[in-house]
Amino acid sequence: MSRILNALKATYNFFSGDAILLSTAIIAFALGLLLARALAAPNLLVGIGFIAIIVAGLAVTLGREIAGRPRQR
């Protein structure tokens, strides 16, 4: 069981070391699929939405990292 858990942790760390980035990527892909397939949105709109969600996730992660790390001199 320990080997399986270690393999899952290694896979998670490989794809995304941060849960916010992982969930943001999943949401971006799901929304892109919804826009492209179900709503037949133009590719430009799908691309802009995808990039906007990814950038928002990166901004949230960066803000959390900055707030949680004490300033060093």
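Phenylalanine 29 sits out in the open: its relative accessible area is 58%, which makes it exposed (over 50%; buried means under 20%, and partly exposed lies in between, with a 1.4 Å probe and protein chains only). Phenylalanine 50, at 25%, is partly exposed.

The model is a predicted one, with local features needing pLDDT of at least 70, side-chain atom pairs counting only at pLDDT 80 or more, and totals for chains, interfaces and linings using all residues. Residues are numbered from 1 along each chain as its sequence is written, and side-chain values use heavy atoms, leaving out hydrogens and water.

As for the overall layout, the chain has three helices and zero strands, in the order α-α-α along the sequence; helices (H or I, at least four residues) and strands (E, at least two) are DSSP runs, numbered from the N terminus. Of its 73 residues, 16% count as buried.

A search of the whole structure turns up one aromatic pair. Phenylalanine 29 and phenylalanine 50 make up this edge-to-face pair, at 5.0 Å centre to centre with 65 degrees between the planes. It links distant parts of the chain, 21 residues apart: phenylalanine 29 belongs to helix α2 (residues 19-38) and phenylalanine 50 to helix α3 (residues 43-68). Rings of Phe, Tyr and Trp (its six-membered ring) pair if their centres lie within 6.5 Å, and planes under 30 degrees apart count as stacked, over 60 as edge-to-face and the rest as tilted.

Then there is helix α1 (residues 2-15), where leucine 8 is found. Leucine 8 counts as exposed, at 56% relative accessibility.
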